[in-house]
Amino acid sequence: MATERFQFTGEGGHQLAAALELPDGEPTAYALFAHCFTCGKDTLAAKRISVALAARGIAVLRFDFTGLGSSEGDFANSTFSSNVADLVRAADHLRSVRKAPSILIGHSLGGAAILAAAGKIPEARAVATIAAPSDPAHVTGLFKDHLDNIRAQGEVEVSLAGRPFRIKREFLDDIVEHELMKDVTGLHKALLVMHSPVDDTVGIDNATKIFVAAKHPKSFVSLDHTDHLLTKPADALYAADVITAWATRYIDTATPAKAMDLPEEPRRVVVQETRESKFNQIITVGPHHLIADEPKAAGGEDAGPGPYDFLLAGLGACTSMTMRLYADRKSLPLDRVTVTLKHSKIYAKDCAECETRDGMLDQIERDIAMDGALDAEQRKKLMEIADKCPVHRTLTSEIRIVTKAVD
């Protein structure tokens, strides 16, 4: 995957810093991500979700709003309306250099801004909010003790998350004018509302109001045990997984015409560290994108299956597929195959049929359940066929692994 960094002109004429996360191949879709209030494009949630979506084939543009991060301008001069306008500008820029975003994603106040901007981005077909307030004015609760002073003095410095920000009266006047529920009611796009029931910054009741106001198609996903900023890597990856799976129903993910005209090349499996946690890996297999990790007991975050889980999954899938091919070819009444596997270490001396007599051996236990009106002979034959699946043969034969360093 690659990250393109550039600038584009915002509504106020300032240069806004942007990052476009790109998948290794041709993107299946483009998305626009809006970060939370006083955050930035490189905060944990914004970056992790964007990178995870890119690993799943979706290119994501994220940028710093005016006066934040690496963007020009004075934050004190920004308003909710200017943020909405900058989102539309970002979509315009993406349309001119790549392709307009078909997916819009917003976190916290960025979610409210995305809802307000969605109607001005015609190509967008799917809108996802994460921990979004139902009223943009909710954000003023972060500095409620200063509201009277801001209105009286016109501008006051407040501390938000330990950092100083200047808030103007114009910001307060602008944000109370927005009737977000009207934007939600007239969205006319697929909506995914994601929220944590334990969010103590933006309560779950906000998600309820947004969901009730929206028209179908709409979906709600509870981000159980997740904090407002999605600080745990596993939470951001889960959000990306859900958005990817949900959005495919509403966007065109067809293979580009050029790719369809080319002969299919042998697939390669590419595994790359995400550096989001100690063991987290992105696995790319053709158009498919997976996450690998280790359980928490082994020092990982349990964001995905472990290496041996994938090994067992390959054997289980191959076993089931091989049995299905045989059953269909022989017209056997096999309704469904379920393969359950477990990996463990055993002492070599405990294995009577093994050649190795000392030390430890790897053992894979494979239980196969066959549903259907099969007689005893048919079941026996299918069990014999199970041992003939290609992956089983690979694992029980001599394997040569050629390793080389690549620049």
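Reply: β11 and β12 (residues 281-285) pair in the antiparallel sense, over five bridges. Within this pairing, Gln272 stands opposite Ile282 in β12. The model is a predicted one. The two strands belong to an open sheet of three, ordered β11-β12-β13, with antiparallel pairing. Its edge strands are β11 (269-273) and β13 (288-292), each of which pairs on one side only. On average, neighbouring strands of the sheet are turned by 20° against each other, direction ignored.

Turning to the rings, a search of the whole structure finds seven aromatic pairs. One of them is formed by Phe8 and Phe63, an edge-to-face pair with 5.3 Å centre to centre and 75° between the planes. This pair links distant parts of the chain, as Phe8 is in strand β1 (residues 2-9) and Phe63 in strand β4 (residues 58-63), 55 residues apart. Phe8 and Phe63 are both buried. Phe63 also forms an edge-to-face pair with Phe65, at 5.0 Å centre to centre and with 75° between the planes. Phe65 is buried, as is Phe63. Elsewhere, ring pairs join Phe37, Phe75, Phe165 and Phe171 into a cluster.

Lys218 lies over the face of Phe211, 4.6 Å from the ring centre. Lys349 lies over the face of Tyr347, at 5.7 Å from the ring centre.

How values were computed. Residues numbered from 1 in each chain as written. Predicted model: local features only at pLDDT ≥ 70, side-chain atom pairs only at ≥ 80, totals over all residues. Heavy atoms only, no water. Pairing = 2+ DSSP bridges. Helix = DSSP H or I, 4+ residues; strand = E, 2+ residues; numbered from the N terminus. Axes fitted to C-alpha atoms, helices over the stretch in contact; angles between N-to-C directions. Phe/Tyr/Trp six-rings, centres within 6.5 Å; stacked < 30°, edge-to-face > 60°. Buried < 20%, exposed > 50% of the residue type's maximum accessible area, 1.4 Å probe, protein only. Lys NZ or Arg CZ within 6 Å of the ring centre and 35° of its normal.
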